[in-house]
Amino acid sequence: MIESCLDFFDQHYRYLARQRGIKELNGEGKLVLYPGSACETYKMAYDATSTIAGLQIVTDQLLRLEEQVLPAENRERWEKFRESLPDISFRQIDGHPVIAPAKLWERINNTEVPQLYPVFPWRQYGVGRPDLDIAVNTYKYDPDALEFRHHMGWKQDVIWAACLGLTDEAKRLILKKLSDSPRRFPAFWGPGFDWTPDHNWGGSGAIALQEMALQEVDGRLHYLPAWPEEWEVRFRLHAPGKVVELSKQNGSEPVIRITD
């Protein structure tokens, strides 16, 4: 299924390029991902960031599989495909380098922020990863990201704040995200974008809360990367290949126990 999904993008955009001219790739040997859409927001997009980030990470993960799972001839094909993927686009806002939602786009139709999808779900930027400042700039200065910021429904702003180590922002948004609903059942949030009860509301909040408490980056665990210093905490969470138990009370240093 993974290979079929990647194959669609490869064949579809090569086909569209041939419809426009004689070459399948641009002058740099890259696919031209046009027309596209950066999430549901930036329409008629050229090289949408959310699409590129997803293709890059899925292909990278595919290429990490062992040969008995991914035969050599398949691996060679996907290595070439990975080389053909365009790079994510950047721009300057008030002198700050930020991630762009796409290289170009025609209009805005929704309120998603695909320029932060390289932070989550694709995890190319964040705590313990290179160029954290560019992603933080995007969160802080991108005018669309600021305009669209909210806690309700599926909105991921609190997840991005946690993944970027922005503790004050994560605290502000998680208190709104996971506050009780005004209904008989506290977790019957809504109406947001998906009516009531809006389970995406609680689901995105649960992801954010865990990211505030624990993150794993290239085998290294980051404890309480966006957890307010004044909050007590006790958790037992599964990290890759291990279970992490942590408790922190009254401003003391955290007590950590790790088991396989």
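This is a predicted model: local features need pLDDT of at least 70, side-chain atom pairs count only at pLDDT 80 or more; totals for chains, interfaces and linings use all residues.
Local features need pLDDT of at least 70 and side-chain atom pairs count only at pLDDT 80 or more, whereas totals for chains, interfaces and linings use all residues. Residues are numbered from 1 along each chain as its sequence is written, and side-chain values use heavy atoms, with hydrogens and water left out.

Helix α1 (residues 2-20) packs against helix α3 (residues 72-84) at an angle of about 45°, and their axes are 12 Å apart. Helices are DSSP runs of H or I with at least four residues, and strands are runs of E with at least two, numbered from the N terminus. Axes are lines fitted to C-alpha atoms, for helices over the stretch in contact, and angles run from 0 to 180 degrees between N-to-C directions. The two helices α1 and α3 are therefore oblique to each other (under 35 degrees counts as roughly parallel, over 145 as roughly antiparallel, 65 to 115 as roughly perpendicular and the rest as oblique).

The structure holds 16 salt bridges, each a side-chain nitrogen of Lys or Arg within 4 Å of a carboxyl oxygen of Asp or Glu. One of them joins D142 and R91 (2.7 Å, N to O). D142 lies in the loop between α4 (132-141) and α5 (143-148) and R91 in strand β3 (residues 90-93), so this pair ties together parts that are 51 residues apart in sequence. D142 is buried at 0% relative accessibility, while R91, at 25%, is partly exposed (buried means under 20% relative accessible area, exposed over 50%, partly exposed in between, with a 1.4 Å probe and protein chains only). R149 and D157, both buried, form another salt bridge, with the closest N and O atoms 3.3 Å apart.
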